[in-house]
Structure formats: structure tokens, C-alpha cells
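User: I'm new to this one. Could you take a close look at the aromatic rings and walk me through how they sit together?

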Amino acid sequence: MKNRKLVALSIITLAVILAAGITAKLRAPQSKFSMQVLFPGLAGRINDVTGITIKGSKGTVVLQQQGEHWVLASADNYPALFNMIKKNVVGMSELKIVDEMTDNPDYYGQLGVEGPQVEGTKSKLITLKDKAGQTLATLIVGHKRQSSSSKPGLYVRKPDASRTLLVEGALDISDEPSHWFETHLLDIPSTSVQKVAISYPRSGGQQPQDLVIQKDTRDQPDFTVNIPSFEKEPNFKIIASRISRGLEEMRADNVHAMKNFSFPDNDTVTTTVSTFDGLAVTIRLVKKDQSYFANFSFTDIPPVAAGNQGKTGTPGDTSSPAPDAGKAAPVANAETLNRNLSPWVYEIPDFLFEALTTRPDQIRKLK
């Protein structure tokens, strides 16, 4: 037993020695610059920042100030999240040097500071510029410091320097476009859906029959379908429910201007979702290059009054019974939604695309 303890102790000691050796190789002699601000002049020029570029192994994100607003210039000038931009610009200005680390490129990968040109790296190169195009600050951002300290830390390197630095502070940057805009588009729960009509492109010169599921009232437990034989399929209720949830928590992974995009007639599915609350959503959907795209347009329609077995009330008719408590109100009116969403094409998750483009021949296949 004593020998086993000695062996275990020896293994632990060896591991500590190896870890200390690696750390010693990564760490340079203690710097006289410890706790100095990394970019001393940036704090006074935060309001001069009008352009931000983030390069990573997946691509490049470009953010630009236009007037009083910020846009995602690399995504056709889609509105960007100002608070996310502000957080990172201020965060850059507050970074403080804790320690100098290795200047040996062989160890850059361990700290994540090799640069975005290396395939598969998690390094990000962030550059801040003013309206004249002059660089105010640029930095390769590596791994977060793994420490029990309550203060956040990062390994970083200036692109024109060989020395890696450990800095105190935090940055929240990404080369994914969705990190920089509001990805939540709309949320129409299944309980609000009155009808979904899916129209398919021509196939072999013939127009496939539309698939339509609907309810007459909110209280109706299940959707009916325009192809009666499908109601007998054991999976139909599950599939109908999945279709009706196609606009629940609809979100985007990327965005493009509608004016720069095309929906080919022979590949585009058109799906219309009508709600009990007085909103109809028409979605054009297409798959391109293993990505899934959707464009939304909205129409105000007469809401279905509670208890009126499929009869529609007129907009603003206060004599109609109020919706049941807990039922979702319309997301917004059609005019607002069209203004905000219709000029854009969104890359959406595959499972939402699949729900909104379900084909009749899939009724027997999906589980």
C-alpha cells in the first residue's frame, strides 16, 4: 500500500514538473509593463471608431457606422447590434497587460494567437478604424485565460509583434455574422396558427398538389388536411404539429439583401401561415449550396373571433369575444413586419426550413 502511494505521488509530482516546464516556456521574464493599458490612446478616441473588421478562419465580418447607426457592411448593410459593438470597443480600450508570454511561434497555437490565416484556428484579428480609414487599434485575440481568478483574462498578440501577452479584460467577438445582429425574427406559436398552405414548384412539367392543414377554432385539438387519406397515417398528427411550429422562434444565421438574391421558380416553395390573431405570413423558401433561405412578407387579415367556429370577425370589431387568456397576441402589424423583414433574405435553421416545406410524399416517411 505504501509503495502504491509513493508511485501515485511520483506521478503527480512529474505532472506538476511537466506543467511548470510548459508554463515556463510560454512565459517570458516578468514585464515592467505589467498592468499598463494595452492601447493607451484608445479610451479617448472611442467615439472616433467608425469601422470594425473581424477576421477569422471562417470568414470576415465588417461593421460600419452609417450616420447614427451601425450596419453589418459584410451582410448588405443589415442593422447591427450597437450594444455589442460598444461593449467590444470599450473592452479593447480597457485591456491591461498582466504578463508577457512567449515570442516563439511554435507555442502560438497553445495560446490561440497564431492568427486567422491558419486553417481551423480560433484566433480572431480585430481592427478598429476611424472615418479616414486610419487604424486605431488592431489585435489578434486568442484563448481565454483558464484561471480561478474572478478577473477575466485573454491571451493576445499585436499583429506586428512576436511577443504574446496575457491581458486582463474581456472581448466578445466572432467571425460569424449572426453574432452581430438580432437573430430572433418572429415567434408565432402553434396555438395561434389557423392554417398552413404549402405550394410547391413544378416538377416534371406538373404542378404538385398543395398541402393544406387547418383548424376551424383554437379549441380544435388537431389539424385537418386537404388530402383526407393522410389523416389516417399514424404519423400525421406529429407532422402536422411540426408544420404548425415552423414559425416558432424563427431565427436567422445570416442575412442578405433581397435585391441581391433570386428565388428560382423551379426550386422555390411558397408557404402561407394564417393565424387566428389576424396575421398572414407568406414565406418563399429555397435551398442553395447546402444553406436554407427564406423571405417573409406579411398581410393583416380578419382575425378569427373566439368561439366563432371558423367565422371571421372584422378588424376592430369590439363586439367579438376577446381572445382566451394566455393566447399569444399578434407579433406586430403587417406594415411594421414588412418594413423590418421583407427587404431581406435570411438563412434559417434546416429544421425550420424542413417543417415549412414538408411535401405530401413525406407524410409517410417522417417520424
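**A look at the aromatic rings**

Analyst: Let's start with Tyr-346, which is buried, with a relative accessible area of 0%. Keep in mind that this is a predicted model. A search of the whole structure turns up 7 aromatic pairs, and one of them joins Tyr-346 to Tyr-78. Their ring centres are 5.9 Å apart and the planes meet at 90 degrees, so this pair is edge-to-face; the cut-off for that label is over 60 degrees.

Now for another pair, Tyr-292 and Phe-353. Here the centres are 4.9 Å apart and the angle between the planes is 50 degrees, which makes the pair tilted. This pair also links distant parts of the chain, with Tyr-292 in strand E18 (residues 291-300) and Phe-353 in helix H6 (residues 350-356), 61 residues apart. Tyr-292 counts as buried at 16% relative accessibility, and Phe-353 is buried with 10%.

Lastly, some rings have a lysine over the face. Lys-215 lies over Phe-223, at 4.6 Å from the ring centre, while Lys-288 lies over Phe-261, at 4.1 Å from the ring centre.

Note on methods
Residues are numbered from 1 along each chain as its sequence is written. This is a predicted model: local features need pLDDT of at least 70, side-chain atom pairs count only at pLDDT 80 or more; totals for chains, interfaces and linings use all residues. Side-chain values use heavy atoms; hydrogens and water are left out. Rings of Phe, Tyr and Trp (its six-membered ring) pair if their centres lie within 6.5 Å; planes under 30 degrees apart count as stacked, over 60 as edge-to-face and the rest as tilted. Buried means under 20% relative accessible area, exposed over 50%, partly exposed in between (1.4 Å probe, protein chains only). Helices (H or I, at least four residues) and strands (E, at least two) are DSSP runs, numbered from the N terminus. A charge sits over a ring if NZ of Lys or CZ of Arg is within 6 Å of the ring centre and within 35 degrees of the ring normal.
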